[in-house]
Amino acid sequence: MKTSEEELVEQIKSVFEDYDDGLGEQGWADLRKKYPEKESKKLPIWWLTGVAATLLVVAGLYFSNAFDTEKVILRAGTTPKENVMPQNSSPVSEEHTPVITSDTIKADNYTPKQNHQDKDVSQEKVINPQKYLAQDNSTKETTPIKEINVITTNSEIARTKAVTAGEQNNPLIAIIKTDDKAEKVIANARATTTAPPTEKTVKPKLSTEEFLREESKLMANSVTKETKKSSASKTTLDIFTGTFFNYHDDNEAKLSAGVGLNANVKVTKNLVISFGAGISQNKVSYENKVPAEVSQAMFASKSNTNAMSAPVAGLAYSATATNDLSFNGKLLSIDLPMVVKFFPSKKQDFYISTGINSSSYLTQKYTYNYSLSNFGYRNGEAQTQTQTEESSLKGFDFANSAIIAIGINQSIGKNVLIFEPYYKPALNTMGDKNLRISSAGLNLKFNFNGNNKK
Amino acid sequence: MPDNESLVELIASCKKGDLRQQELLYKQFYGYALGICIRYLGNRDDALEAANDSFIKVFKSINSFNEENDFKPWFRKVLVNTSLDYKRRSMRFSEAIELTDTIPQSTHTSAIDKLSAQDILALMKNLNEMQRTVFNLYEIDGYSHKEIGSMLNIPESSSRTYLTRAKQALQQLLTTHSIYKR
């Protein structure tokens, strides 16, 4: 006969073997709130690094393009008029190869009288007779110097005008006289790769002189515009090193350091947007007063780790009391600051900046010491336990701190040395263990060419 | 409960991440999971949370499960460990630690084989946390004292002691409240 105890055990097994309260549907709905997990806000480190690198590359390209544009403009602006209408041996392969004409311009619907009727004699000398000698790659070997007739059509004029507006490589088709037989050659070899515009632009006919005058105007305009543009879009780079203190309530301030690179994009005369990337170390330590969210995070991760395993030794159990002894956290992070700098004075010798900082983590290390009193063991004698967690390349916290800073510029030749005291109050937590770390410190920045740009 | 063959198919579908199949698995094992968790946690809300956490762990790690093995014992381990973790966590922060033997409260007087889940839970509430857990682990879920010692971070001998005390308390409750009297 079964004892009451055995009977009870069987009854418990039987009752709870399939304890269906009929709320499985609701239970599933509850589970779906947590599963599958939504895309984590913590982006993978490679993604983040990619973003930082892209930003820097874009800034770099922008920077270098500004200089390239200036060079082109300089060349265009200083091109002497003679080069536009070269004398006899002007190379055909040059970018700005002018229209080379024979003594008679044979354009469709073109009447020299109409076009030159208003010109004085001196102008006629420059333009007409338009007899130039040209060399062409295709003719170099046999007849290095040839006399060519340029067919100046409406479309040609339009195309040539387009050169002044930036398309510099459109082909000019010339007729070369060779043994009284005309053949078309592409005057500009480079231009052959560029598809010429097919549509005919309906524009009033222009004489060569008018065309040149217009071209000069357009060129002058484009120089002004480009110069304005290049002066408006100034980008500089900073490298910086910072020394700062991390702190939190009840946390002894820790001295840390960081290095990084910033790009500064001038938006208006007094406003600069600065963004970049840096590496810094953040440390916190607590004695006895470990914040609840931190110890909770330590316990949560511990339980997650162990939950899947079969009985694991060393677990604290419910009938135990734990006391926090200490907590140490070390985070090596990639900081992505984005700030707006305002230069209040005309001299622009100092600025006030504000913005946000986001962080990702190269490494995280947490050490948690706590005492554990198990009332079923040694009459509750406290045992010290240490829990250490480490991770690498994990996590991304967007806008986890604000940035408030003042920069004081000190010119060194073309460059600028900037002393930047700053304060970064925590807006959000950092890392896996919900650390709210604020910091204050001093950045020492070296700004390349900043003295010229700002 | 699905038969073994359909369970294998169901698990294979779950391995592919099919949410519908996971829902099916959930509903088929919902009662089983809740029954285990409620024994350890004592109330439905906590039990449901622990059960759901267990299901999530299972869905996430089901690829590591070999279909040749029996699913239920594996799932049971997950449920028990999750319940203990849940209990540990809540105890850590609520600090509501029961250590002393409680005075048995009245339960419904009925025959043991007529005891409902609520009756049993009420009965078990008369045991302290440690006694109840050891009783569940040893008597119902079949863990050895050595395993219990490891799981609860207590010596094996303490596990035996807790079990003995739990049994004594239950016997006393059954006798005092004439549960066994038909």
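**From values to terms**

Analyst: Let us begin with F75(B), which counts as buried at 0% relative accessibility. This is a predicted model, and burial here means a relative accessible area under 20%.

User: What makes F29(B) buried or exposed?

Analyst: The relative accessible area of F29(B) is 1%, and the cut-off for buried is under 20%, so F29(B) is called buried.

User: How many aromatic pairs does the structure hold, and why is the pair of F29(B) and Y32(B) called edge-to-face?

Analyst: Over all chains there are 17 aromatic pairs. In the pair of F29(B) and Y32(B), the ring centres are 6.2 Å apart and the planes stand at 80°; because centres within 6.5 Å make a pair and planes over 60 degrees apart count as edge-to-face, the term applies to these two rings. Both residues belong to helix α2 of chain B (residues 19-41), where being three residues apart separates them by about one helical turn.

User: Why is the pair of Y32(B) and F75(B) called tilted?

Analyst: The centres of Y32(B) and F75(B) are 6.2 Å apart, with 35° between the planes. Stacked would need planes under 30 degrees apart and edge-to-face over 60, so the rest is tilted, and that is the term for this pair. Because Y32(B) lies in helix α2 and F75(B) in helix α4 (residues 71-94) of chain B, the pair ties together parts that are 43 residues apart in sequence. Y32(B) and F75(B) also belong to a cluster linked by ring pairs, whose members include W28(A) and Y35(A).

User: How do you know that the charged end of K445(A) sits over the ring of F240(A)?

Analyst: The charged end of K445(A) is 5.6 Å from the centre of the F240(A) ring, and the distance limit is 6 Å, with a further limit on the angle to the ring normal. The charged end of K445(A) is accordingly described as sitting over that ring.

User: What makes strands β11 and β12 of chain A a pair?

Analyst: At least two bridges are needed for strands to pair, and β11(A) (residues 396-412) and β12(A) (residues 415-424) have seven, in the antiparallel sense.

Definitions and conventions:
Residues numbered from 1 in each chain as written. Chains lettered and ligands numbered in written order. Predicted model: local features only at pLDDT ≥ 70, side-chain atom pairs only at ≥ 80, totals over all residues. Heavy atoms only, no water. Phe/Tyr/Trp six-rings, centres within 6.5 Å; stacked < 30°, edge-to-face > 60°. Helix = DSSP H or I, 4+ residues; strand = E, 2+ residues; numbered from the N terminus. Buried < 20%, exposed > 50% of the residue type's maximum accessible area, 1.4 Å probe, protein only. Lys NZ or Arg CZ within 6 Å of the ring centre and 35° of its normal.
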